[in-house]
Amino acid sequence: MVPTLTGRTRRRNLLNNVMLALTGVCTFITVAVLFVILGFLVWNGFRSLDWNFFTKLPLSAGETGGGLANAIVGSGITILIAVVIGVPVGFLGGIYLAEFGGKTFPMFVRYTADLLNGVPSIVIGIFAWTVIVVPMHTFSAWAGGFALSLMMIPIGLRSTEHFLRAIPNSLREASLALGATKTRTILTVVVPAARQGILTGLILGVARVAGETAPLLFTSLNNQFWSDKLTEPTATLPVMIYKLATSPYDDWHRQAWAAGLVLLGFVLITNIAARLVLSRGTSVQRG
Amino acid sequence: MGTAVIAAPPQPAARSFLKRLRDGDKAAHLITLIFAASVFLVTVFLVYELWIHSSTSRAKFGLGFLFTSSWDPVAEKFGALPFIYGTVLTSFLALLISVPLAVGAAIFLSELAPPKLSNTCTFLVELLAAVPSVIYGLLAIFTLVPFLSKYGEPFLKNTVGFLPLFKGAPLGYGYLAAGLVLAIMTFPFIISISRESLLAVPIEQREAALALGATKWESTWQVVVPHARLGIIGSIFLALARALGETMAVTMVIGNDPSIHASLLKPGYTIAAVIANEFTEATGDLYQGALVELGLVLFLITIILNASAQLLILATTKKGSKQD
């Protein structure tokens, strides 16, 4: 009584198995790429990394040795400027969208934030150049930090809004019913309840801009030496990697690998940290 | 008494406004409103600045800017065609490679893989999205480019070299290298968003197809994927927008040649790459204006793509919630 498999059924089963196996192969390839990237970078980076890399200035072409201490500090400074400008705008703007906004205006803000998020980073660089570099007549850490903050704001804004909205209204109502003002409710009840999520968004924002090169090319430019002031051209790790990797010198290539490893390490660690903060937050709330 | 009643009304209103301001509600509303509005204003200002700073080039070349192919800074002749061509070609090449791979992986992760494996793989793939583009460029220069010039491109020339697509010296740098790097950079987006929209397909759809005797693949390909198609298309649009605007990785491997070639092995140029390379050296208002206008063109293309992607993704999520 068991029906024998006809040719057609066999064909369908074969197709089923082949296609399903192929999707597995696709997954394998994509995940393998990550490991290949990490592998190459760690292999070449570790061989090139030494203590000088963190403490010395870059040497001129042809000389061996030296480091990128100024670029590491410069990256830190531009990211710090970006945080100082970007975090308040993203955080407070997000509070407005989630807690105060009506209907039409928040929709506009939300839409433009998504728009800003999609603007190619090189175009952000042009914008920062027109509004800061041109009036100041100099490339500067300020211009670089401003450009990076523009890339950070949409992420902070939307994630703050998202996590504030996830807070149940009963919490707000309970606080208001006890006589707290709206501002007090937001500051002492709603924001603390959503703090893990908000923090995650802000850390992800930092992780995103830390590796950005294109907005810095003609805002903070580059510098072979220490920058004394925020109004001077400033070296950053991503721009250094670009300059060193496209140069014809072997020792500069070595430095580029080391810088790449340091930068990728920073970006991946901040990313993973952000996710850990979030997962801890959700488990705490559930418990 | 009567006069007191008439005089009274403005009093409570004023007091309550002051009180609300002192309690901070009005003030908080105002402050957060200013910050939210600044996001809107900055974006508008960005468009305005691009428009103003490209005025010299727009006045001189008009719409012809988009359709002429000479790029000669010395003679002050600027045409955007080689860059538009390079941008579109490399992005198209990237999607040609990444769409089948990424959609296949998304199907595996949503339909076949056990949840734990699926989540781990998705986590890894999303980390791939976080790798800075300059690092993709660094790796491509020292691994992909030598590989292509030694093995990949000679192989292509020997097998399909009769096609005009694969003519020219195997330099390594060129459209092909840029397309490959962009493919790797775009598939995290397609995988993670497509997987989400595939997971959003109700389980009943799969069960109904399987109950009718469909194989797992038939149920997936003929029922689940069409159900999630808007989300998948949306993810492809997002990936395309990302590929078009990608700067560093492409700049480092495309070879920087402002002319149009049919062969994928030849060096070319993209909009983002030419801005990155020439902006700081651009002397003269016209040269700078032309580069800013290229930025404006790039901005408009990516904005349109992003907006349509968001509409598509929104449409799928709306559809999903209605059926629940």
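**Exercise 1. Is B:E218 buried or exposed, and what does the side chain pair with?**

Before we dig in: this is a predicted model, where local features need pLDDT of at least 70, side-chain atom pairs count only at pLDDT 80 or more, and totals for chains, interfaces and linings use all residues. Residues are numbered from 1 along each chain as its sequence is written, chains are lettered from A and ligands numbered from 1 in the order in which they are written, and side-chain values use heavy atoms, with hydrogens and water left out.

Step 1. B:E218 comes out at 12% relative accessibility, so it counts as buried (under 20% relative accessible area; exposed is over 50%, partly exposed in between, with a 1.4 Å probe and protein chains only).

Step 2. Its partner is A:R12, with the closest N and O atoms of the salt bridge 2.7 Å apart (the rule: a side-chain nitrogen of Lys or Arg within 4 Å of a carboxyl oxygen of Asp or Glu).

Step 3. A:R12 sits in helix 1 (residues 7–48) of chain A and B:E218 in helix 10 (residues 216–227) of chain B, so the pair joins two chains. Helices here are DSSP runs (H or I, at least four residues), numbered from the N terminus.

Step 4. A:R12 itself is partly exposed, at 24%.

**Exercise 2. Work out which residues A:R158 bridges to.**

Step 1. A:R158 meets A:D114 in a salt bridge at 2.8 Å, N to O. A:D114 belongs to helix 4 (residues 104–118) of chain A and A:R158 to helix 6 (residues 141–165) of chain A, so this bridge ties together parts that are 44 residues apart in sequence.

Step 2. A:R158 also bridges to A:E161, at 3.4 Å. That pair is 3 residues apart in helix 6 of chain A, about one helical turn.

Step 3. Check burial: A:E161 is buried at 4%, while A:R158 is partly exposed at 28%.

**Exercise 3. Describe the surroundings of B:N306.**

Step 1. Find B:N306 in helix 14 (residues 285–323) of chain B. The residue is buried, with a relative accessible area of 9%.

Step 2. Skip neighbours within four places in sequence, and the contacts are A:G118, B:L238 and B:A241 (contact: heavy atoms within 4.5 Å).

Step 3. Now zoom in on A:G118: the side chain of B:N306 reaches its backbone oxygen at 3.4 Å.

Note on methods
Polar contact = N/O pair within 3.5 Å; in protein donor to acceptor, adjacent residues only side chain to side chain.
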